[in-house]
Amino acid sequence: MVSREEIEDYIYNFEQLAKVDVFKATRQRDIAETRYLLYYLLNKELDLSDTYISLLCKENGLSRERSSINIGYNKAMIYVNQSPRLKGIYRGMHPDKFKKE
């Protein structure tokens with residue numbers, strides 16, 4: 001189980017690497033896709049539930065229901081495979097997930 005401080009640090013590091021405010025209330029494609037990657041990483045890497053991720057969003061001023069979170073993290077890897085920018089963010093957060101080049 002990760003602490004609240006670790007979660008906040010993880011999100012901070014993600015936003016610094018992504019150079020966007022993922023909790024900005026917008027449907028702008030690059031921000032939405034980046035947000036989906038954050039959902040995916042929070043779920044897969046930190047083992048956070050969609051309910052908890054929804055709560056984090058609300059605490060940061062972005063109202064998202066569990067269904068939106070699920071849709072987002074289910075699509076995240078499709079976007080990562082299509083976007084060098086998202087792949088770079090993922091690689092920056094978890095370099096161990098990528099083969100040495």
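This is a guided tour of the structure above, with one stop after another to select in your viewer.

**Before you start**

You are looking at a predicted model, in which local features need pLDDT of at least 70 and side-chain atom pairs count only at pLDDT 80 or more, while totals for chains, interfaces and linings use all residues. Residues are numbered from 1 along each chain as its sequence is written, and side-chain values use heavy atoms, with hydrogens and water left out.

**Stop 1: the whole protein**

Show the cartoon first. How many helices and strands does the protein have? There are 5 helices and 0 strands, and from the N terminus on the order is α-α-α-α-α. Helices here (H or I, at least four residues) and strands (E, at least two) are DSSP runs, numbered from the N terminus.

Now turn the model around. Along the principal axes, its C-alpha atoms fill a box of roughly 40 × 30 × 20 Å. The radius of gyration, taken over C-alpha atoms, can be compared with a globule rule of 2.2 Å times the number of residues to the power 0.38. For 101 residues a compact globule would come out near 13 Å, and the protein has 13 Å, so the two agree.

Of the 101 residues, 42% are buried. On this tour, buried means under 20% relative accessible area, exposed means over 50%, and partly exposed is in between (1.4 Å probe, protein chains only).

**Stop 2: the core**

Select Phe-14, Leu-37, Leu-41 and Leu-42. These are the residues with the most contacts inside the largest nonpolar core, which has 30 residues. A nonpolar core is a set of buried Ala, Val, Leu, Ile, Met, Phe, Trp, Tyr and Cys residues joined through side-chain atoms within 4.5 Å.

Colour the helices one by one: α1 (4-18), α2 (29-44), α3 (50-59), α4 (66-82) and α5 (84-93) each give two or more residues to this core. Which helix gives the most? That is α2, with 7 residues.

Now zoom in on Phe-14. Apart from its neighbours within four places in sequence, Phe-14 is in contact (heavy atoms within 4.5 Å) with Val-22, Thr-34, Leu-37, Leu-38, Leu-41, Ile-89 and Met-93. Across the protein, 58% of the contacts with a separation of 6 or more are between residues 24 or more positions apart.

**Stop 3: two loops**

Go to Lys-19, in the loop between α1 and α2. Its phi is near 60 degrees, a positive value in a residue other than glycine. Most residues other than glycine have a negative phi. Lys-19 counts as exposed because its relative accessible area is 71%.

Then move to Asp-47, in the loop between α2 and α3. Phi of Asp-47 is also positive, near 60 degrees, and Asp-47 is exposed, at 68% relative accessibility.

Select Leu-48, which also belongs to the loop between α2 and α3. Is Leu-48 buried or exposed? With 8% relative accessibility, Leu-48 counts as buried. Leaving aside neighbours within four places in sequence, its contacts are Val-2, Ile-7, Leu-42, Asn-43, Ile-53 and Leu-56.

**Stop 4: helix α3**

Pick Ser-54 in helix α3. Ser-54 counts as buried because its relative accessibility is 5%. Beyond its neighbours within four places in sequence, Ser-54 is in contact with Arg-64, Glu-65, Arg-66 and Ile-69.

Leu-55 is also in helix α3, but Leu-55 is partly exposed, with a relative accessible area of 44%. Its C-alpha atom is 22 Å from that of Gln-28, 27 residues apart along the chain.

**Stop 5: Glu-33**

Finish in helix α2, where Glu-33 lies. Glu-33 is buried, with a relative accessible area of 11%. Which residues does Glu-33 contact, leaving aside its neighbours within four places in sequence? They are Tyr-79 and Leu-86.
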